[in-house]
Amino acid sequence: MAHIDAGKTTTTERMLYYSGYIRTLGDVDDGDTVTDFMVQERERGITIQSAAVTFDWKDYRINLIDTPGHVDFTVEVERCLRVLDGAVAVFDASAGVEAQTLTVWRQADKHQIPRICFLNKMDKNRASFTYAVESIEQKLKTKPLLLQVADLDDEFAELVLGEYSENFDLIPLDKLRSAIRRVTLAQKAVPVLCGSALKNKGVQPLLDAITMYLPAPNERSYEFLQWYKDDLCALAFKVLHDKSRGPLVFVRVYSGSLKPQSAVYNINKSCTERMSRLLLPFADQQIEIPSLMPGNIALTVGLKQSATGDTIVSSKASAAAAARRAGRDAVGQKRSASDAESLLLAGVEIPDPVFFCTIEPPSMAKQQDLDNALSCLQREDPSLKVKLDPDTGQTILCGMGELHIEIIHDRIKREYGIETYLGPLQIAYRETILNAAQATDVLDKTVGDKRHCVTAELEVRPRLGERATTKPAIEYAASVIEVLPKELQEAIENGIMNSCIQGPLLGFPVQDIDVTVQSLTVHPDTSHTMVSACVSRCMQKALKKAGIQILEPLMNLEITVSEDHLSAALADLAQRRGSIREIQSRQDNRVVVAAVPLAETMGYSTVLRSLTSGSATFTLELASYQALNSQEQSALLQRRMGLV
């Protein structure tokens with residue numbers, strides 16, 4: 001894992017060469033590496049989707065996944081870290097910690113994954129071991145493991161201060177390695193190695209360090225495994241579509257074993273599926289295997305329903321038994337049974353898209369083919385969202401950035417043979433409310449011989465000071481909760497949730513609101529659908545009364561630029577409503593850290609290239625959503641209504 005262009009794919013290629021799995025070395029610039037096998041990757045010289053390879057080094061089996069460094073494909077890193085036991089963070093030794101390095105490091109922190117640092121590109125003119133190590137310490141807030149082993153491990157400290165205090169050189173190598181391993185697994189520090197993958201330096205010591213200091217699968221503890229004992233428990237974390245074999249699902253086995261020609265149960269989809277074959281991945285090549293043991297990763301053929309984040313077990317009975325064990329334990333530890341069930345369904349967090357545009361086939365005859373292509377691509381890439389515009393009937397493509405949508409467009413053309421037309425890129429705004437408001441709605445309809453009658457009263461309030469979320473917090477007045485059946489509660493919450501998907505002003509998702517159901521009267525024959533419809537209508541009334549505020553995506557922008565072009569880049573930022581947070585020094589360059597609205601970054605790469613004669617680089621990452629001022633909001637409303 002790393003920032004873009006730190007050398008992950010080149011390092012992976014050298015690992016495969018030295019472990020004897022390839023005879024000749026590929027090069028990213030020549031487009032012939034093992035793990036960058038997509039046409040788009042080879043043309044652009046970047047990694048777009050993660051690629052898994054399994055190889056042996058000395059007496060160890062290593063499952064390695066090469067991940068993208070571009071922020072548009074950050075979900076690939078997220079879902080891979082979810083199933084891996086350790087990670088190698090690769091750094092450009094001349095740049096140290098960069099913007100996307102911070103992002104992937106935080107993702108690894110979230111999954112509590114032990115790491116090793118590899119300072120790559122030490123052969124570059126401006127490479128600095130000292131600078132890179134200092135940036136790891138200061139920006140990642142971790143201890144680079146160079147000379148600090150004794151400070152972090154008590155057992156090793158006793159050896160140093162006691163038995164070997166007279167002569168440190170006599171400390172046995174195995175004791176030193178054991179101490180490094182303990183502090184790495186405890187995530188108190190990270191071992192730092194250096195080299196140059198391109199020049200074939202330092203790769204074998206890195207492979208040795210992976211086997212010596214990163215955990216084996218049985219050294220990682222996962223709470224949900226105790227419910228399964230020795231039964232199968234696996235997580236589907238990625239899907240690929242193969243023209244001849246259909247969907248290929250990547251799975252990581254946590255307990256039990258997988259065998260071909262066996263039935264498995266998908267807890268998330270509540271369905272049983274038959275797996276026909278098991279394949280060991282080697283980028284775009286696969287080898288058929290007879291079984292898969294815990295800790296390993298493989299491709300399955302035949303799973304038609306499974307998708308990213310689905311939990312796979314041996315049978316429905318096995319899932320029920322695990323749920324019972326979890327429920328009993330939850331009662332013993334005074335946790336709710338639903339908490340225990342959530343441990344069974346550990347998934348992958350998918351970020352919300354920030355860009356969207358319309359996509360149209362060349363003719364209506366191709367619409368079905370386009371729908372099928374988008375369905376396959378969505379299953380492969382959960383960060384891609386596809387929806388229908390209810391007013392125009394157009395298909396809307398939602399993605400993580402300009403490059404993400406461009407790659408999807410290109411894949412539809414090359415892999416599915418459909419020439420599509422993209423509308424202009426638009427920003428995914430959000431809506432929220434300014435004030436508290438109450439509303440009442442009555443729905444009274446007779447369908448056939450049944451009368452459906454509902455009266456609902458709701459209150460909405462702005463939620464303050466918490467992390468932004470599009471999921472409303474729903475409460476019930478005491479008089480309502482006393483008499484409310486569980487099925488009716490589901491219908492009410494569906495109605496509230498549905499009305500938050502499309503806000504009343506521009507149809508964007510509504511975020512940061514609290515909802516209280518003040519009263520609800522339901523006629524005995526009323527269907528749950530009618531209850532949801534009434535509550536949804538009441539919500540829309542309350543939201544309109546509360547006053548709608550449009551929120552725009554605010555991006556963290558990091559520009560690496562030479563001193564000569566710094567003033568031109570800063571002047572341009574000022575015109576884009578950008579606010580500069582700090583200007584750092586990185587060797588001979590300056591790094592501008594700023595916040596800028598996403599709407600102001602359209603076509604920014606072209607402008608920055610011309611301003612700096614092609615020497616500057618930049619990264620963008622979603623930071624938060626901020627309120628538009630009244631002038632900007634009215635201008636946006638006029639543009640959306642076609643008045644300007």
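Start by selecting threonine 33. Beyond its neighbours within four places in sequence, threonine 33 is in contact with Thr9, Glu13, Gly26, Asp27, Val28 and Arg42. This is a predicted model. Threonine 33 sits in the loop that links α1 (8-18) and α2 (39-44). Its relative accessibility is 2%, so threonine 33 counts as buried, the cut-off being under 20%.

Next, select residues 74-81 and 99-110. These are helix α3 and helix α4, packed at an angle of about 30 degrees with axes 10 Å apart. Angles under 35 degrees count as roughly parallel, so α3 and α4 are roughly parallel to each other. The crossing of α3 past α4 is right-handed. Now show the side chains. From α3 come Thr74, Val77, Glu78 and Leu81; in α4 they meet Gln100, Thr103, Val104, Gln107, Ala108 and Lys110. Four residues of this contact are nonpolar, four are polar and two are charged.

Move on to the sheet. It is open and mixed, with four strands in the order β21-β22-β24-β23. On average, neighbouring strands are turned by 25 degrees against each other, direction ignored.

Zoom in on β23 and β24 (residues 513-522). The two run parallel, joined by four bridges. Pick glutamate 475: its bridge partner in β24 is threonine 516.

Finish with the helices on the sheet. Helix α16 (residues 486-501) touches β23 and β24, and its direction makes about 135 degrees with that of β24. Helix α17 (residues 528-546) touches β21, β22 (450-462) and β24; its direction makes about 150 degrees with that of β21.

Conventions
Residues are numbered from 1 along each chain as its sequence is written. This is a predicted model: local features need pLDDT of at least 70, side-chain atom pairs count only at pLDDT 80 or more; totals for chains, interfaces and linings use all residues. Side-chain values use heavy atoms; hydrogens and water are left out. Buried means under 20% relative accessible area, exposed over 50%, partly exposed in between (1.4 Å probe, protein chains only). Contact means heavy atoms within 4.5 Å. Axes are lines fitted to C-alpha atoms, for helices over the stretch in contact, and angles run from 0 to 180 degrees between N-to-C directions. Angles under 35 degrees count as roughly parallel, over 145 as roughly antiparallel, 65 to 115 as roughly perpendicular and the rest as oblique. A crossing is left-handed if the near helix is turned anticlockwise from the far one by less than a right angle, and right-handed if clockwise. Ala, Val, Leu, Ile, Met, Phe, Trp, Tyr, Cys and Pro count as nonpolar, Asp, Glu, Lys and Arg as charged, and the others, Gly among them, as polar. Two strands pair if DSSP finds at least two bridges between them.
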